[in-house]
Amino acid sequence: MVIIRDLHRHYRLGNVVVRALNGINLTIYTGEFFAICGSSGSGKSTLLYLMGGMDRPTRGELIVAGQNLARQDENQLAEFRCRRIGFIYQNFHLIPSLTAWQNVEIPMIFNHLPRSARRQIAMQRLQEVGLLERSHHRPNQLSGGQQQRVAIARALVNQPALLLADEPTGNLDNSTGKEVVALLKNLVSINQVTVVMVTHDMNLVEQADRFVRLQDGRIVESN
Ligand SMILES: Nc1ncnc2c1ncn2[C@@H]1O[C@H](COP(=O)(O)OP(=O)(O)OP(=O)(O)O)[C@@H](O)[C@H]1O
């Protein structure tokens with residue numbers, strides 16, 4: 001699903017070059033539940049966002065779901081993100097003025113699905129995450145765990161090849177976090193999605209099929 005060879009991402013700040021990623025080599029297989037861990041500033045988010053086509057490498061090879069992302073232009077990357085990637089954020093990133101089902105519907109609008117199909121799929125996804133009875137609630141009427149479950153439903157509606165999660169439990173208490181990860185693992189095995197998750201939480205790392213630990217933009221540990 002992901003092939004990364006000698007990947008670099010450098011930022012230039014005046015005369016200083018920050019080497020956020022400094023020669024990453026990594027292969028992630030289809031269907032894996034994969035964790036990226038490491039201390040703050042080690043390059044985790046940079047790596048995740050590159051895999052999602054939200055940023056471009058300084059150099060190196062980056063092939064995701066069969067597409068060579070380093071060679072794609074902005075339009076191709078936008079299309080890739082829309083069709084192939086689902087994203088889950090620490091802060092859920094739901095639109096406050098929209099209900100749960102309207103939030104879940106959004107990626108399908110970008111994918112030009114007709115309204116009736118959108119509604120049916122959104123409701124089905126909300127049922128899968130156990131929130132059908134909350135479908136008309138807005139985010140501020142839902143708990144953090146419920147909001148993250150809505151975000152998971154939204155991330156899966158376009159049947160992405162790869163689900164990227166940036167600290168998905170970072171804003172949840174321990175037990176809610178565990179429930180959300182169990183749900184995520186269950187849904188991805190049913191939907192045959194590959195998951196790459198950034199986390200500080202070693203309990204979550206233990207639940208992953210494999211992990212890498214980053215330090216100063218390099219992989220220093222893996223299993
Ligand atoms: N746009 C940018 N411009 C300059 N430097 C950046 C930029 N984005 C990230 N960096 C730097 O790149 C390094 C890696 O950042 P990154 O956000 O990937 O780390 P992280 O491991 O995800 O950290 P955290 O756990 O705190 O989110 C850091 O030193 C950071 O300051």
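Hi everyone. Before the helices themselves, one definition: an axis here is a line fitted to C-alpha atoms, for helices over the stretch in contact, and angles run from 0 to 180 degrees between N-to-C directions. Please also keep in mind that this is a predicted model.

Let's begin with helix α3, residues 100-110, and helix α5, residues 144-156. Their axes come within 7 Å and cross at roughly 30°. Angles under 35 degrees count as roughly parallel, so α3 is roughly parallel to α5. The crossing of these two helices is right-handed.

Which residues of α3 and α5 meet? On the α3 side they are Ala100, Asn103, Val104, Ile106 and Pro107, and on the α5 side Val150, Ala153 and Arg154. By type, this contact between α3 and α5 has 6 nonpolar residues, 1 polar and 1 charged.

Let's stay with α3 for a moment. Which of its residues are buried? They are Ala100, Trp101, Asn103, Val104, Glu105, Pro107 and Met108. Among the elements covering these buried residues of α3 are α5 and also α4, which spans 115-128.

Now back to α5, and on to its packing with helix α6, residues 174-191. Here the angle is about 15°, and the axes lie 10 Å apart. That makes α5 roughly parallel to α6, and α5 passes α6 in a right-handed crossing.

Sorted by type, the residues of the α5 and α6 contact are 6 nonpolar, 5 polar and 2 charged.

My last stop is the ligand. What surrounds the ligand? The shell consists of Tyr11, Leu13, Val18, Ala20, Gly38, Ser40, Gly41, Ser42, Gly43, Lys44, Ser45 and Thr46. The elements giving two or more residues to this shell are β1 (2-13), β2 (16-28) and α1 (44-51). Of the shell, α1 supplies the largest share, with 3 residues. By type, the residues around the ligand divide into 7 polar, 4 nonpolar and 1 charged.

To recap the helices: α5 is roughly parallel to α3, and α5 is roughly parallel to α6 too.

How values were computed:
Residues are numbered from 1 along each chain as its sequence is written. This is a predicted model: local features need pLDDT of at least 70, side-chain atom pairs count only at pLDDT 80 or more; totals for chains, interfaces and linings use all residues. Helices (H or I, at least four residues) and strands (E, at least two) are DSSP runs, numbered from the N terminus. Angles under 35 degrees count as roughly parallel, over 145 as roughly antiparallel, 65 to 115 as roughly perpendicular and the rest as oblique. A crossing is left-handed if the near helix is turned anticlockwise from the far one by less than a right angle, and right-handed if clockwise. Two residues are in contact if their C-beta atoms, placed from the backbone, lie within 7 Å. Ala, Val, Leu, Ile, Met, Phe, Trp, Tyr, Cys and Pro count as nonpolar, Asp, Glu, Lys and Arg as charged, and the others, Gly among them, as polar. A residue is near a molecule or strand if its C-beta atom, placed from the backbone, lies within 6 Å of it. A residue is buried if 20 or more other C-beta atoms lie within 10 Å of its own, exposed if 12 or fewer, and partly exposed in between; C-beta atoms are placed from the backbone.
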